[in-house]
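Dear colleague,

Please find the structure below, followed by a short account of what was found in it.

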Amino acid sequence: MPDPSGLRALSLSTPSRPRRNRTVAGCTALLVTLGAGVTACSSDGHPLSASPYDATDQISFNAPVGDGKKADPDKPLEITAEDSDGRITDVTATDAAGRYVAGELSADGSRWHSTSPLAAGARYTVRVSTEDEDGAPGRKVLAFDTGRPTTKKRLGVTFGPKAGTYGVGQPVTAELSIPLKDKAARKVVERALKVVSEPAVQGAWHWVDNKTLHYRPREYWPAHATIRASSNLAGIKVAERLWGGKAKPLKLTTGDRVEAVTDAAAHSMAVYRNGKEIKQIPVTTGKPGFETRNGVKVVLGKEYFVRMRGTSIGIAEGSAENYDLPVYYATRVTWSGEYVHAAPWSTGSQGSANVSHGCTGMSTENAAWFFKTVRPGDLVKVVNSDGDMMAPFGNGFGEWNLTWQDWQKGSALVEGPSPQDRARLSPVSA
């Protein structure tokens, strides 16, 4: 038959195997008349109990095999049933790293073709199962190599944060070296970026922009979990003239679940460790016009000393609201300058009034305790403030303010897996 891919087809034409006798009908007749047809048709005669026959002469394969030739990774695999009296029943294609190639089998079993891209410079093993007109099983195992991509353009991935121990709110980030707008290319990338945790949790990627993805579980990470992020993109075609490059894997762990909840109306912060309250702290939050943001924030870092100026948040120099203060024990929760910090100048208002310019202020002693207690990735939640809700992205890690349903909408795979992705042929995490 014509070769649809342009590659040399493998249509191995060994001498035709003897046609197996039709024995199924005979067994059925014996079963009806004798009531013991299973005994009458022994394992020697039943087609389904026979050893699989060599299906070489029953299939055609569009990739070069042997002779040092390599398949073009830009072209899909295709396996066709050559025998009109037989059909393909199953195909499994994997590379040496164990990555599956997703594929689709026609309803009549006459053709299977790959639906996910092949890796370049890889060796593949393809296992084909067939059956003849009597239902007898056939098998064929094929191996081939793919060539190198002609383009040198590679998509790099950098995982974040740095390896270490974090709080249970810390998202995993992936920064791409090249922006991707095309949804098909995003799907290829997202399927190849893997995040696994022990204990296991349900999670998903969310495209923050064309170059940035964040991964979070449905709920917070479990305390004392191990989280690993890795990429299977190396050698995979992402888009026209763009191939996946290698990426350094990342390992994170989580500590205790530490969460601080500030009630702006009550001027109080409660700090919890693993669900148990460990401290109550009188605080002051943002006054009218500078209200503290509501919602869940994630600790971004800790700075023993910060010089805070009103001009950094848009307050005009010389204004009555302007300030220039040395600040100690500053725990950052937004990139724009919201902190939990020592505010000895407002101790008279802490626990009774909101007088800050948006930060959460407390005594130096309490701020030092808080600074020592929390780590990056821990949770800081503000309720009952008149301020806006913390933005999900762009000013820190506000992703926990999105519902799980809204979070999933940021995935390129949001429409759900296709039938072939649900099948055994799909990558495990597709």
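Is Asp145 buried or exposed, or does this residue fall in between? Asp145 is partly exposed, with a relative accessible area of 23%, where buried means under 20%, exposed over 50% and partly exposed in between (1.4 Å probe, protein chains only).

This is a predicted model, in which local features need pLDDT of at least 70, side-chain atom pairs count only at pLDDT 80 or more, and totals for chains, interfaces and linings use all residues. Residues are numbered from 1 along each chain as its sequence is written, and side-chain values use heavy atoms, with hydrogens and water left out.

Salt bridges

The whole structure holds 12 salt bridges (a side-chain nitrogen of Lys or Arg within 4 Å of a carboxyl oxygen of Asp or Glu). Asp145 pairs with Arg123, their closest N and O atoms being 2.9 Å apart. Arg123 is in strand S7 (residues 123–131) and Asp145 in strand S8 (residues 137–145), 22 residues apart; strands (E, at least two residues) are DSSP runs, numbered from the N terminus. Arg123 is itself partly exposed, at 44% relative accessibility.

In another salt bridge, Arg111 meets Glu78 with 2.5 Å between the closest N and O atoms. Glu78 is buried, at 12% relative accessible area, whereas Arg111 is partly exposed at 33%.

A network of salt bridges links Arg293, Lys297 and Glu338.

Overall fold

The secondary structure comes to 6 helices and 28 strands, helices being DSSP runs of H or I with at least four residues. Of the 430 residues, 47% are buried.

With kind regards
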